[in-house]
Amino acid sequence: MSYLRLKFTDDRLPTSSYELVNNEGVIGIVQIRHKPSHAVDVPSEMNSHLYIEILPKYRLSGYGREALKLALLEAKKLGLNELWATHMDDNTGSKKIIIANGGLLVDEMFVINLNQKMFKYSFKL
């Protein structure tokens, strides 16, 4: 069984950061931005609320899917009605995790700076 543990909240860009924990300890991180944002090399149309990272040792074991499931519950507690998540074309793992948790494709765009397509999904909370 895994769970999220609040690590900190950052008020500069309102963000709640969590550690994904299992019986061995911290195995990943989840960040929920209270307002969507994007990296400097990503168009604003592809902004998102979410960042998830699982330690390499624990990837392909269902922890990404579990982390997103828990993140959706936390986002609802934060008062969000909708959460956006994105992935790059070459990140098939994230695509599978997003779709498995009910993400609905709302936009896709070729990002020239990154030389690949990016996809944006919506979750109604």
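Predicted model: local features only at pLDDT ≥ 70, side-chain atom pairs only at ≥ 80, totals over all residues.
## Overall fold

The secondary structure of the chain amounts to two helices and seven strands. In sequence order these elements follow the pattern β-β-β-β-α-β-α-β-β.

The C-alpha trace extends over about 40 × 30 × 25 Å along its principal axes. A compact globule of 125 residues would have a radius of gyration near 14 Å, and the chain, with 14 Å, agrees with that expectation.

## The three-stranded sheet

Three strands form an open sheet in the order E5-E7-E6, and their pairing is antiparallel. Strand E5 (82-88) and strand E6 (104-111) each have a single partner strand and stand at the edges, so one side of each lacks a neighbour in the sheet. On average, neighbouring strands of this sheet are turned by 20° against each other, direction ignored.

Helix H2 (residues 92-100) packs on the sheet, where it touches E5 and E7. The direction of H2 makes about 155° with that of E5.

Seven bridges join E6 and strand E7 (residues 116-124), which pair in the antiparallel sense. In general, strands of a sheet pair through backbone hydrogen bonds, in either a parallel or an antiparallel arrangement. Two facing positions can be named: Met109 stands opposite Met118 in E7, and Val111 stands opposite Gln116 in E7.

E6 and E7 form a hairpin with four residues between them. In the turn, Asn115 has a positive phi of about 55°.

## The largest pocket

The largest pocket holds about 990 Å³ of space. It is lined by 35 residues, of which Ile52, Thr86, His87, Asn91 and Ser94 are the closest to its centre. Two or more lining residues come from each of strand E3 (25-37), strand E4 (48-54), helix H1 (63-77), E5 and H2.

By residue class, the lining of the largest pocket comprises 16 nonpolar, 13 polar and six charged residues.

Note on methods. Residues numbered from 1 in each chain as written. Heavy atoms only, no water. Pairing = 2+ DSSP bridges. Axes fitted to C-alpha atoms, helices over the stretch in contact; angles between N-to-C directions. Contact = heavy atoms within 4.5 Å. 1 Å grid on protein atoms, 1.4 Å probe; cavity = no way out; pocket = protein on both sides within 12 Å on 5 of 7 lines; lining within 4 Å. Points joined across faces, edges and corners; volume = space filled by probe spheres on them. Nonpolar A, V, L, I, M, F, W, Y, C, P; charged D, E, K, R; others polar. Rg over C-alpha atoms; globule rule 2.2 N^0.38 Å.
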